[in-house]
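Reader: I would like to go through this structure term by term. Please set each value against its definition.

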Amino acid sequence: MLQGRPAQPGFFTATEIIGREDYLRLHLNENPYGPPPGTVEAVHTEAAQHLNRYPDSECGLLRERLAEHFRVAPEMIAIGNGTDELVLLASMTFLREPGSRVVTTDSTFPGYVTSAAAVGAPAHVVPLAGAALPVAGLTAAVRQGAALAFVCNPLNPTGALLDRDEVTELIDAAESSGTVLVFDEAYLDFAGPAHEFALEAVREGRRVLVTRTFSKAWGLASVRAGLALGPPQLVEQIAATARALPFNVNRPAQRAVLRALEAPAHLDRVRADNARVRELLCKTLDSLGLGHSPSATNFVMVEVPGQGTGPGDSTRFAARLAEEHHILVRDLTLLGLPGRLRVSVGTEAEVERLAAALAHLLGRH
């Protein structure tokens, strides 16, 4: 039986499988390779020795280690209970003034708009440029006046990636208008260090924030740990808001990240394995005649075939994958992209299982 509790029309549903371990989870972009070696043991030890003790509310040691990893000063880092919390904290911090609004794109992570709505701020939502980030539209919207802007790069759910000039264009527009610009880089670890243009801007002292997570490539989705990097003044404002709820990052989570940082080679291996299997997945989709968008992430946006020129019924297609083949994928109708699915890359064996299921549904078995 599938069970879950959606927070917004089903998009955030974790969907736990009760009594059915044979369900294949390709709907949440989880890392199938797990966390770095030694991380699970570190969490067990921390829980065994200190579960009765509060964590460091300022995450002092963790911020020091992260500062070394990202080559910034500790005061340029804020820690959150996943990047989801940091998105909410940014909204609570920078959308306080009456009339403040947020700018973001349509058809992406819903948390940007729902976090703004939670503090009563309207959102200017810019339509996507096909599967790409609408840089010109975002720049124009920011220049019209916005207190805060969120840019998901690489873009969830299409996998599109910004180049250096596009990142610079957005930062220039935000600085000229006084907008706090946040690049949500939850999936950038899969693209690799060659695309860290926003982080380079942070190191150069530009007025921009970058969020990263340990839930994706690092394989620590369960413990909930994310960070924001940026100018000390902006980071301190976010940290001040977070102090309303101290101890937001628990001890096992802090210990897990500290241990993971000791194994940076794990990230390289995950990136390489993901790229190899992503290529296999795309070739499989090509062989089945299924359209898909280029991706720099651990997921691929897939087009469901329809009748005539209209989009296919992605809702029904996803339901059949779950019901008939026990494979979970993300129907993107909820994000305003009917006829498309977001499929996590998974392992080679998982791609083979998905391929067989797709062939069956397409009548090609």
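Reader: What makes both faces of β8 count as covered?

Author: First, the basis: this is a predicted model, where local features need pLDDT of at least 70, side-chain atom pairs count only at pLDDT 80 or more, and totals for chains, interfaces and linings use all residues. Residues are numbered from 1 along each chain as its sequence is written, and side-chain values use heavy atoms, with hydrogens and water left out. Now β8: V180, V182 and D184 are buried on one side, and L181 and F183 are buried on the other. Buried means under 20% relative accessible area, exposed means over 50%, and partly exposed lies in between (1.4 Å probe, protein chains only).

Reader: Which strands are joined to β10 by bridges?

Author: β4 is joined to β10 by 4 bridges, in antiparallel fashion. β9 is also antiparallel to β10, again with 4 bridges. Opposite A228 in β10 stands A78. Opposite L227 in β10 stands R212.

Reader: What makes both faces of β10 covered?

Author: G226 and A228 are buried on one side, and L227 and L229 are buried on the other.

Reader: Why is R71 called exposed?

Author: R71 has 59% relative accessibility, so it counts as exposed. This arginine sits in the loop between α2 (60–70) and β4 (77–80).

Reader: Is R224 buried, partly exposed or exposed?

Author: R224 has a relative accessible area of 23%, so the term is partly exposed. Its loop runs between β9 (208–213) and β10 (226–229).

Reader: What makes the phi values of R71 and R224 worth a remark?

Author: Most residues other than glycine have a negative phi. R71 is not a glycine, yet its phi is positive, near 60°. R224 is not a glycine either, and its phi is positive at about 65°.

Reader: Which peptide bonds are cis?

Author: One joins N153 and P154, with omega about -5°. Another joins N156 and P157, with omega about 25°. P154 lies in the loop between β7 (148–152) and α6 (164–177). P157 lies in the loop between β7 and α6 too. Most peptide bonds are trans.

Reader: How do you know that the radius of gyration agrees with a compact globule?

Author: The rule is 2.2 Å times the number of residues to the power 0.38, and the radius is taken over C-alpha atoms. For 365 residues a compact globule would have a value near 21 Å; the protein chain has 20 Å, so the two agree. The C-alpha atoms fill a box of roughly 60 × 55 × 35 Å along the principal axes.

Reader: How many helices and strands does the protein chain have, and what percentage of residues is buried?

Author: The protein chain has 13 helices and 14 strands. Buried residues make up 54% of the 365.

Reader: What percentage of contacts joins residues at least 24 apart?

Author: A contact means heavy atoms within 4.5 Å. Among contacts between residues at least 6 apart in sequence, 71% join residues at least 24 apart.

Terms used. Helix = DSSP H or I, 4+ residues; strand = E, 2+ residues; numbered from the N terminus. Pairing = 2+ DSSP bridges.
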